[in-house]
Amino acid sequence: EARIYAEAPWQDQLPSPGRILRFDIPAPPGSRTETACISGSLVDGSFDPMIAKVMFHAATRREAADGLNRMLGDMVIAGIT
């Protein structure tokens with residue numbers, strides 16, 4: 001599992017609000033994504049900055065970690081930090 005946040009790590013993890021210009025999370029077999037965001041969504045800085053949770057299931061822990069790593073590498077979230 002990985003949690004995706006709209007935060008600025010160089011500013012003590014402060015929320016990084018703004019409009020999501022592009023929101024593409026791959027959905028290969030074995031994956032699950034929980035989110036309410038799409039391209040065009042507005043992230044308001046007055047709420048929890050978590051914008052998505054992605055999970056990957058496989059036969060072994062190593063395969064699951066590799067699958068999640070590929071998902072994270074292939075996702076595109078643009079317009080916010």
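This is a predicted model: local features need pLDDT of at least 70, side-chain atom pairs count only at pLDDT 80 or more; totals for chains, interfaces and linings use all residues.
Colleague: Where is D12 placed, and near what value is its phi?
Modeller: D12 sits in the loop between β2 (7-8) and β3 (14-15). It is not a glycine, yet its phi is positive. The value is near 55 degrees.

Colleague: Is D12 buried or exposed?
Modeller: The relative accessibility of D12 is 73%. Exposed means over 50%. D12 therefore counts as exposed.

Colleague: Why does Q13 count as partly exposed?
Modeller: Q13 is found in the loop between β2 and β3, and its phi is a positive value near 65 degrees. Buried means under 20% relative accessible area and exposed means over 50%, with partly exposed in between. Q13 counts as partly exposed because its relative accessibility is 41%.

Colleague: Which residues of the largest nonpolar core touch the most other members?
Modeller: In soluble globular proteins, nonpolar side chains tend to be buried together. The largest nonpolar core here has 16 residues. Those that touch the most other members are I20, F23, I25, V43, I51, V54 and I80.

Colleague: Which element gives the most to this core?
Modeller: At least two residues of the core come from each of β1 (2-5), β8 (50-56) and α1 (61-74). With four residues, the element that gives the most is β8.

Colleague: What is V43 in contact with, leaving aside its neighbours within four places in sequence?
Modeller: V43 is one of the core residues that touch the most other members. With those sequence neighbours left aside, its contacts are A6, P17, G18, I20, I51 and I80.

Definitions and conventions:
Residues are numbered from 1 along each chain as its sequence is written. Side-chain values use heavy atoms; hydrogens and water are left out. Buried means under 20% relative accessible area, exposed over 50%, partly exposed in between (1.4 Å probe, protein chains only). A nonpolar core is a set of buried Ala, Val, Leu, Ile, Met, Phe, Trp, Tyr and Cys residues joined through side-chain atoms within 4.5 Å. Contact means heavy atoms within 4.5 Å.
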